[in-house]
Amino acid sequence: ALTDDAGDGIYRTNSVAAIYGYHLRMNDGTSVRFGIEAGILQTRLDWDKLLFGDQLDPLLGGDASRFTEENRPDNLQRTDLDFSAGLVVSGKTFYGGIVLHHLNRPDESVLEINDNLRAGRPLRLTLHGGAQINFEGGNNRYGESFISPSILYARQADFSQLTVGMYSGYKSVFGGLWYRHTGSNADAAIALVGFHYQTLRIGYSYDMTISGLSVGTTGGTHEISLSISFADSDARQRRRSRTRYNDCFGLFK
């Protein structure tokens, strides 16, 4: 479930979804994972918080309580189904996938401007892929040593974003560098460094804005993460030894 408030509660979006996945393993070690998502998307507009041009006073400023000649829609809430699907193919050293969000383009408009025109939420396409090159195996205390280049491309309507970079791990230390490009403009450079030991994982990342938005107070974002895995590492290792197929890549551990 997800709730998003935009404009201090003027426009609210609620969504809830269920996911089903199927995993197919090939004899050559290739793995195919397919998933579908079905959910409900609800949007709601708080008309009383909107401020229109005829509610502006040259001396007193804006006042949403003043009378406006704008026509209030009959229905300020919209509920629609929302479907998505994705596919991931992975082998011993590579992975790649595609995800399609909002396949049915759910309608979230509250303005019935043209009953014959149904734009809906734009379809979002995501393509991702990568590989892992191992140098040294790991154990219950330390992870394997490897480098993992990756690429992520996303597009929705006229907006597109490309992220390329590399993640690496050496025993108990991990780190990565990525570059994000949005449309025709450079967007950000991202750096990550961290440490993990047995069930404990600590990381620090810095997202440095390199577009025109870096002027002023939007120069970058710092993030510190801490995670603890409560899974039995010995049991996990026994499960790995009973299968012929590779575990997930170090990038996702």
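Which residues make the nonpolar surface patch of about 770 Å²?

**View 1. The nonpolar patch.** Tyr20, Tyr22, Leu24, Met26, Phe34, Ile36, Leu87, Ile98 and Leu127 make this patch. This is a predicted model, where local features need pLDDT of at least 70 and side-chain atom pairs pLDDT 80 or more, while totals for chains, interfaces and linings use all residues. Residues are numbered from 1 along each chain as its sequence is written, and side-chain values use heavy atoms, with hydrogens and water left out. Areas are Shrake-Rupley values with a 1.4 Å probe. Strand 2 (11-25) gives the largest share, 3 residues; strands are DSSP E runs of at least two residues.

**View 2. Leu127 and Gln132.** Leucine 127 sits in strand 8 (residues 124-131) and, at 35% relative accessibility, counts as partly exposed. Glutamine 132, in the loop between strand 8 and strand 9 (133-136), is buried at 6%. The cut-offs: buried is under 20%, exposed over 50%, partly exposed in between.

**View 3. Aromatic rings.** There are 4 aromatic pairs (ring centres within 6.5 Å). Tryptophan 47 and phenylalanine 52 form a tilted one, 5.1 Å centre to centre with 40° between the planes; stacked means under 30 degrees, edge-to-face over 60, tilted the rest. Both residues are buried.

Notes: Patches are made of residues with over 30% relative accessible area and no salt bridge: like charges are joined within 9 Å, nonpolar side chains (Val, Leu, Ile, Met, Phe, Trp, Tyr) within 5 Å. A salt bridge is a side-chain nitrogen of Lys or Arg within 4 Å of a carboxyl oxygen of Asp or Glu. Helices (H or I, at least four residues) and strands (E, at least two) are DSSP runs, numbered from the N terminus. Buried means under 20% relative accessible area, exposed over 50%, partly exposed in between (1.4 Å probe, protein chains only). Rings of Phe, Tyr and Trp (its six-membered ring) pair if their centres lie within 6.5 Å; planes under 30 degrees apart count as stacked, over 60 as edge-to-face and the rest as tilted.
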